[in-house]
Amino acid sequence: MPAPKRLPKPTPAELGLLRTLWALGPSTVKQVHEAQQRERPDLGYANVLRLMQIMHGKGLLKRDESQRSHVYAAAQPQGSLQGRLLDDLIHKAFAGSGKDLVLAALRGGRVSDAEREEIQRFLEDTRDA
């Protein structure tokens, strides 16, 4: 049996649209464009439409064509894609060490005090489990 097709890694612009779709759920191009305009007022409808068409062609998005306005959805759940991207980052930048990734994030000032407290609670909860 052939191995399942591995989806391409999204570009930063594609990842931005995926985050919007994960937050909204299945949506039309108009809905995604309106949500994106809050962060990027300069982004045109045609740009969002074209990018979503490209992403559909790459297999990053699914498209329901049963309605007049096509409805798009992410082809992968957020956690699945983020996990794949994280695995790739750990392998490439941290020689496969998740510990080194976590320490770099904690030491680099990229984690707020509130996030540190949440991480600490998580570690305490999982230690008891």
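Helix 1 is followed by G25, a residue whose phi is positive, near 85°. In this predicted model, helix 1 comprises the 13 residues 12-24, which at 1.5 Å a residue should span 18 Å, and its end C-alpha atoms lie 19 Å apart, in agreement with that expectation. The buried residues of helix 1 are E14, G16, L17, L18, T20, L21 and W22. In general, residues three or four places apart in an α-helix point the same way, because the helix has 3.6 residues a turn.

The loop between helix 1 and helix 2 holds S27, which counts as buried at 2% relative accessibility. The side chain of S27 reaches the backbone oxygen of G25 at 2.6 Å, while S27 also touches L21, V32, H70, V71 and Y72, residues up to four places away in sequence not being counted.

Salt bridges number 5 by the rule applied here. In one of them, the side chains of D88 and K9 meet at 2.9 Å, N to O. Because D88 lies in helix 4 and K9 in the segment before helix 1, this pair ties together parts that are 79 residues apart in sequence. Both partners are partly exposed, D88 at 23% relative accessibility and K9 with a relative accessible area of 45%. A further salt bridge is formed by K58 with E14, the closest N and O atoms being 2.8 Å apart. Since K58 lies in helix 3 and E14 in helix 1, the pair ties together parts that are 44 residues apart in sequence. Here K58 is partly exposed, with a relative accessible area of 26%, whereas E14 counts as buried at 2% relative accessibility.

The side chains of R63 and E65 also meet in a salt bridge, at 2.8 Å from N to O. R63 is partly exposed, with a relative accessible area of 27%, and E65, which is found in the loop between strand 1 and strand 2, is likewise partly exposed, its relative accessible area being 48%. Salt bridges that share partners join K9, D88 and K92 into one network. As for its place in the overall fold, E65 is 35 residues from D100 in sequence and 45 Å from D100 in space, C-alpha to C-alpha.

A95 lies in the loop between helix 4 and helix 5 (98-107) and has a phi near 50°, a positive value in a residue other than glycine. In general, most residues other than glycine have a negative phi. With a relative accessible area of 76%, A95 is above the 50% limit and so is exposed. In helix 6 (residues 113-128), F122 counts as exposed at 53% relative accessibility. Together with I119 and L123, F122 forms a nonpolar patch on the surface, the three having about 280 Å² of accessible area together.

Key. Residues numbered from 1 in each chain as written. Predicted model: local features only at pLDDT ≥ 70, side-chain atom pairs only at ≥ 80, totals over all residues. Heavy atoms only, no water. Helix = DSSP H or I, 4+ residues; strand = E, 2+ residues; numbered from the N terminus. Expected span 1.5 Å × (residues − 1). Buried < 20%, exposed > 50% of the residue type's maximum accessible area, 1.4 Å probe, protein only. Patch = residues over 30% accessible without salt bridge, like charges linked within 9 Å, V, L, I, M, F, W, Y side chains within 5 Å. Areas by Shrake-Rupley, 256 points an atom, 1.4 Å probe, with all protein chains shown as cover. Salt bridge = Lys/Arg side-chain N within 4 Å of Asp/Glu carboxyl O. Polar contact = N/O pair within 3.5 Å; in protein donor to acceptor, adjacent residues only side chain to side chain. Contact = heavy atoms within 4.5 Å.
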